[in-house]
Every structure is written in structure tokens, then in C-alpha cells.
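Subject: A structure for you to look at

Hi there,

Here is the structure I promised to pass on. Please open it alongside this message, and then read on for what turned up.

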Amino acid sequence: MPLEIITIPCLEDNYAYLVKGPDGVALIDAPEAAPIIDALESRGWSLGVIMITHHHWDHVQAVDELKEKYGCMVMGPKAEADKMPKLDMALEPGFSGGTGDGLCNVIAVPGHTLGHVAYHYPQAQALFSADSLMALGCGRLFEGTPEMMWDSLSTLMELPPETIVYSGHEYTLSNAKFALSLDPDNAALQARIEKVNEARAKGEPTAQVPLSLELETNPFLRASDMGLRKKLGLENATNSEVFTEIRARKDRF
Ligand code: ZN
Ligand code: FE
């Protein structure tokens, strides 16, 4: 049975995701109760488990209300357990659970926060990356170092390129402006931005895309690209150093 994945816009620009598979319905992150409850009720679904990516309030706010209503399990990164609502199961990177298309691996992606995890469904080729890898961007480094984030992104870049990346926020348009400033001649980027503009004009989400497209267009994944390196005057730097410079420029952009 293939996974059914529902994108739920929450708050200003957050996304939560429902993942319905052979083991029931999981929710990735809990930014806001009302739209999540609506999405469940309109489908006649109950909620089995909430899976938290990191401790920030805009990802955990609705946990208690949803747990109260559905009696669901709450899982999240063990390293951040003391900073979030009570976890019924504290997950360590490397853990796998679920069956068939519902098989899910927990991947450590520190940088934005130190304990941030991504949820990867290898059979279903879906990655829930929240505020690590984002559409045309990556999360701000609130807790970790640039080297840490580069390592995290490098891990995700190794996943099959057909993997669909579901990220935590609708930041694509503002990320696109920055990406274009660094990489103005990238035809794939130009084409992507055109599509993003069209989608946003219709109010459609744009933060759910194949990894292959991120690899071609997301400047944070393109530290090894010679054109980008020339533009930054970093032809001989390491990938991690190039990433560090790109992240610093984005923070000032
Ligand atoms: Zn966050
Ligand atoms: Fe966030």
C-alpha cells in the first residue's frame, strides 16, 4: 500500500504533514491544531503518532492538544527531549520503525538545532526534512556550526535523487531571490523560480520537491559547483568552507 501524504499549511508559513501508511496515520510536526484536526476529520482519519523533528515552538505547539484529542503516541529526538512536550518514545538517529512503505529511518541533521532529525521513508522515497534541507534553502544555524549543517546536508544529498523532500516552511520565494543573486545563469533555477511564482500566485505550496531539483538549484547543496565557487572567490576552498560563506551571505541578504 503506497503512502498517502497530505501537506497541511499551518500558522504563517509552516507545514505539517500527514503520512498514512500500513501502520496508520502519522503526523510530522505539530505547528497548529485546528488545520491538522480539519485535515484528519475531512478524511475520517484518526491520528496514531506524532513525529517531531526539533524542539522549536512552531513545530511542537499543538502536541498536547492533539494527544489529548486522539490519544496518539508522541515521538521525537532524544537529544531534545527536555526541550519539548513529553515524548512517549525518544528516538535516536539510526532508529528504524514501521512496515512496508511505512518503514521510516531517523536521520540526524544537526545545524538548525543540535538534535534536529529528519524522517526518511526509503520505500516510499519521501524525506521530511523540516528546517534542515529546505526548498531552495536550509535552516538558520541557531545552535549548530556551519560544518555540522554541511555534514547534515551531505548525508541527505546521498539519498536517491527521486526522493521527494518535504520541508518545514514556505520560504521558497525569498530563498529564490538569494539563490538567483548567487547563481544568475542557472537555467534550472530560472525555470524553477518561474514555476514557484505561478504556484504562489495560486496559493499553492512549493516546499515539496524532488531531491534532484534541489541538487540542481539549491545553492546550499552546490558548494562544489565551479561557477558558484568563482562567483564567491573560493575556487580552492573545501565544500564546507564554501557552504559556510553561502550561509553567511544568506544571513546578511
Ligand atoms: Zn525551527
Ligand atoms: Fe521552523
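How many helices and strands does the chain have? The answer is 9 helices and 14 strands. The radius of gyration is 18 Å, close to the 18 Å that the globule rule gives for 253 residues, so the chain is as compact as a globular protein of that length. Before going further, please keep in mind that this is a predicted model.

**The chain as a whole**

The C-alpha trace spans about 55 × 40 × 30 Å along its principal axes. Of the 253 residues, 52% count as buried. If you take the contacts between residues at least 6 apart in sequence, 59% of them join residues at least 24 apart. The accessible surface comes to about 11,000 Å², and carbon and sulfur atoms account for 51% of it. As for charge, there are 21 positive and 36 negative side chains, and the centres of these two sets lie 4 Å apart.

**The nonpolar cores**

Which residues touch the most other members of the largest nonpolar core? They are Leu18, Leu27, Leu47, Ile50 and Leu66, out of 26 residues in that core. Two or more residues each come from strand S1 (4-10), strand S2 (14-21), strand S3 (24-28), helix H1 (33-43) and helix H3 (63-70). Helix H1 gives the largest share, with 5 residues.

Leaving aside neighbours within four places in sequence, Leu27 is in contact with Ala16, Tyr17, Leu18, Ile36, Leu47, Val49, Ile50, Met51 and Leu66. Another core lies apart from this one; it has 24 residues, among them Leu133, Leu159, Phe220 and Val242.

Val117 is found in strand S9, which covers residues 117-121. Its relative accessible area is 1%, under the 20% cut-off, so Val117 is buried. Not counting residues up to four places away in sequence, Val117 touches Ile52, Thr53, Pro77, Pro93, Val106, Ile107 and Val109. Val117 and Met149 are 32 residues apart in sequence, and their C-alpha atoms are 12 Å apart in space.

His120 is found in strand S9 too. Is His120 buried or exposed? At 6% relative accessibility, His120 counts as buried. With residues up to four places away in sequence again left out, His120 touches Leu103, Cys104, Asn105, Ile107, Ala126, Leu127, Leu159 and Thr163. One of these, Leu159, is also a member of the 24-residue core.

**Two backbone angles to check**

Most residues other than glycine have a negative phi.

Gln125 has a phi near 55 degrees, a positive value in a residue other than glycine. Gln125 lies in the loop between S9 and strand S10 (126-130), and is partly exposed, with a relative accessible area of 28%.

Leu136 is not a glycine either, yet has a positive phi of about 60 degrees. Where is Leu136 found? It sits in the loop between strand S11 (133-134) and strand S12 (137-138). Leu136 counts as buried, at 0% relative accessibility, whereas Gln125 is partly exposed.

Key: Residues numbered from 1 in each chain as written. Chains lettered and ligands numbered in written order. Predicted model: local features only at pLDDT ≥ 70, side-chain atom pairs only at ≥ 80, totals over all residues. Heavy atoms only, no water. Helix = DSSP H or I, 4+ residues; strand = E, 2+ residues; numbered from the N terminus. Rg over C-alpha atoms; globule rule 2.2 N^0.38 Å. Buried < 20%, exposed > 50% of the residue type's maximum accessible area, 1.4 Å probe, protein only. Contact = heavy atoms within 4.5 Å. Areas by Shrake-Rupley, 256 points an atom, 1.4 Å probe, with all protein chains shown as cover. Lys, Arg positive; Asp, Glu negative; His and termini not counted. Charge placed at Lys NZ, Arg CZ, Asp CG, Glu CD. Core = buried A, V, L, I, M, F, W, Y, C linked by side-chain atoms within 4.5 Å.
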